[in-house]
Amino acid sequence: MITHINVAVMYVADQQRSMDFYVDKLGFTKTVDAEMWPGARWVEVKPPNGQTSITLHSAEAFGKKPGEGAYLTFACDDIDETVRQLREVGVTVTDPVKEPWGTYIKATDPDGHEVMISKK
């Protein structure tokens, strides 16, 4: 049976720029960078100790527009420290929003994907 979500797909304009954002700014690890076919790459990144990866597909290679695709949420242990660290490296991040289910922020990647980061 199914054990976990393996990969989420995000369509991006520039795979290298997006990989740099997720690896250098959000602290993910690049797990795969391989040719799918001539002119198309499979680029996969995941958070440290995470089971689920994100594959950063070239929107153009798949007939999509950058920003089409998955809406993702990530978890953190300390929301205020996460905001500080992300802003320190130049990531656009909202102020924390407190809800009955937890506190969250939204960070924007180079293609305009808003990813939610929450602490429960």
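**Note on the predicted model: sheet, core and aromatic pairs**

1. An open sheet is formed by 4 strands in the order S1-S4-S3-S2, with mixed pairing. Strands pair if DSSP finds at least two bridges between them; strands (E, at least two residues) and helices (H or I, at least four) are DSSP runs, numbered from the N terminus. S1 and S2 (29-37) are the edge strands, each pairing on one side only. From one strand to the next the twist averages 25°.

2. This is a predicted model, in which local features need pLDDT of at least 70 and side-chain atom pairs count only at pLDDT 80 or more, while totals for chains, interfaces and linings use all residues. Residues are numbered from 1 along each chain as its sequence is written, and side-chain values use heavy atoms, with hydrogens and water left out.

3. The pairing of S2 with S3 is antiparallel and runs over 7 bridges. Ala34 has Trp42, in S3, as its bridge partner. Helix H1 lies across S1, S2, S3 and S4, at about 10° to S3. Axes are lines fitted to C-alpha atoms, for helices over the stretch in contact, and angles run from 0 to 180 degrees between N-to-C directions.

4. The largest nonpolar core has 24 residues, and Tyr22, Ile54 and Leu56 have the most contacts inside it. Such a core is a set of buried Ala, Val, Leu, Ile, Met, Phe, Trp, Tyr and Cys residues joined through side-chain atoms within 4.5 Å. Leaving aside neighbours within four places in sequence, Tyr22 is in contact (heavy atoms within 4.5 Å) with residues including Met10, Phe28, Val45, Ile54 and Leu56.

5. There are 6 aromatic pairs. Rings of Phe, Tyr and Trp (its six-membered ring) pair if their centres lie within 6.5 Å; planes under 30 degrees apart count as stacked, over 60 as edge-to-face and the rest as tilted. Tyr11 and Phe62 have ring centres 6.0 Å apart and planes at 55°, so this pair is tilted. Tyr11 is in strand S1 and Phe62 in the loop between S4 and S5, 51 residues apart. Tyr11 is buried at 15% relative accessibility, whereas Phe62 is partly exposed at 31%; buried means under 20% relative accessible area, exposed over 50%, partly exposed in between (1.4 Å probe, protein chains only).

6. Phe28 and Phe74 form an edge-to-face pair, 5.3 Å centre to centre with 80° between the planes. Phe28 is buried at 7%, and Phe74 is buried at 15%. Ring pairs link Phe21, Tyr22, Phe28 and Phe74 into a cluster.
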